Amino acid sequence: MRDTRRSFGKNKAVDGVDLQLGTGVFGLLGPNGAGKTSLLRMLATVLPPSSGEIRLLGRDPRGAGARREIRRRLGYLPQNLGYYPSFTVAEFIEYFALLKEMPSAAVPRAVAAAVERVDLGAKARAKLRTLSGGMLRRVGIAQAIVNDPDLLLLDEPTAGLDPEQRVQFRALMRILGERATVIVSTHLVEDVGAACAEVALMSDGKIVFRGTPGELTARGEGHGVGDAPLERGYSAVLSAARSGAVTAS
Amino acid sequence: MSIHNEGGRFSPADDPAAGVDLDRVWAGVAAEVWRRRPGPAERAAARLLRSPGLARALLTTPSLLLPWLISTAVVFGVGALVSLGQGQPLVWLLAPAVAATGVAFAYGPGLDPAWELSASCALPDRMVLLTRVVAVFAVNAAGGLLASAASGAATALTFGWLVPMAAVCALALAVAVALRSALAGASAGIAAWVIVVLSAQTASGQLTASVTTVSAYLPYLVVAACCAAIVIYGTRPRKGLQ
């Protein structure tokens, strides 16, 4: 992404973001309204940027053919996962596998593998309307990974998961990040510390920090706000950005 | 979540039967148990549309209840307006656009709960929309035919609006599939509709005759047959293509 901007009326949701990423798990932190979701939606090719340049997997998504090829290799979990209540877990994941244009012969096995990876085997034939919020989130993760994507975008993936499931999910992210680019937007700092090799912090549409979780932690030394070291780093960088003292990226 | 070492698979050290990839075996079993076997209609649609995804979208369109109900209401509402606007070509020419817009709204971001997810998928959303429009008109036309058999009151709406629109939409989808362009398909559909409306008006001097007289049904059937022929020709199996 180069100088990417996205505005909604007068509101600048994303304001001049430069970002280049390779394989690995990348955490996107920031308070509500910082622009994380807009940034992810642009990367998911759902929302076009107002200006700037985006290249995904070596292609320019403005071209229809390139966009289609990108989407075949993309996994996306939106912040608000909409679902069809009358579909079963397996049907829902299979439906999106087909919309992603996976070869139909490969779909059943891919669906089964995705369902197992999120530990929903016992619920594979359950209607979505019968599932809890945490289970639905795992269904969303399963549909995102069903095509074994090269670019995986997860918006608040651990929302609604219990602590044990969050630990397991972080391990899954680390495995997926070995061969794919995984971008995780979250406001849960501990998820980033445990799973991400690199992290960016957004505030008011800009990236105000980029570095390792360790570097973010170091920014919090001597800062009083926050229970955990990483939270203190997060608060310190945000405070500095809001006061205009630091805009490091 | 089941997290295994080494990329999600058991290592021989974890597995008493060393060398057996239990995850892989289980995935194969689960795939067979959970897989949804498409019916004959879906298999035929997948072959004709050259896309299992479009076929699934076509078949699942009525099952998305709220968008389906709204689409059906829009289609019948526009049909009623068309009946009221007999003899006014502008009403006839605009009616398909209004109906298509209504279906697009019903299956759009406001009402389709999984729209954002669908929009991030490879299958072009315009193709999916075209498929949904065909499904809405085709199912309602089938219902209209049944209603017409039971009562003559439904005949005008069925043969004057639902059946011809189903044929025109099928033509649009056929062209879109053949040319791999939803825009080309929509253009073909619009052109076909304009030709039907204007030629009928020119021939008879009044538009209503084109949809309320029995003699007009034959051209509609010809159009439908042409659509079917185009679909079959354009989607015939070819070597090297799945």
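This is a predicted model: local features need pLDDT of at least 70, side-chain atom pairs count only at pLDDT 80 or more; totals for chains, interfaces and linings use all residues.

A: Residues are numbered from 1 along each chain as written, with chains lettered from A and ligands numbered from 1 in written order.

The assignment gives domain 1 (1-57 + 151-249) and domain 2 (77-149) of chain A; such bounds come from an automatic or database assignment. Their C-alpha centres lie 25 Å apart. Across the boundary, 16 residues of domain 1 are in contact with 11 of domain 2 (C-beta atoms, placed from the backbone, within 7 Å). On the domain 1 side, β6 and α6 of chain A each give two or more residues. β6(A) has the largest share, five residues.

Now the helix itself. Helices are DSSP runs (H or I, at least four residues), strands likewise (E, at least two), numbered from the N terminus. The 14 residues of α6(A) should span 20 Å at 1.5 Å a residue, and the end C-alpha atoms are 20 Å apart, which agrees. The expected span is 1.5 Å times one less than the number of residues.

Buried residues of α6(A) are A:Arg166, A:Phe169, A:Arg170, A:Leu172, A:Met173 and A:Leu176 (buried: 20 or more other C-beta atoms within 10 Å of the residue's own, C-beta atoms being placed from the backbone). They fall within an arc of 160° seen down the axis, so they line one face of the helix. The arc is taken from the directions from the helix axis to the C-beta atoms. Their cover includes β3 (24-29), α4 and β6 (151-155) of chain A.

α6 (163-176) is also among the elements giving two or more residues to the side of chain A that touches chain B.

Conventions:
A residue is buried if 20 or more other C-beta atoms lie within 10 Å of its own, exposed if 12 or fewer, and partly exposed in between; C-beta atoms are placed from the backbone. Two residues are in contact if their C-beta atoms, placed from the backbone, lie within 7 Å.
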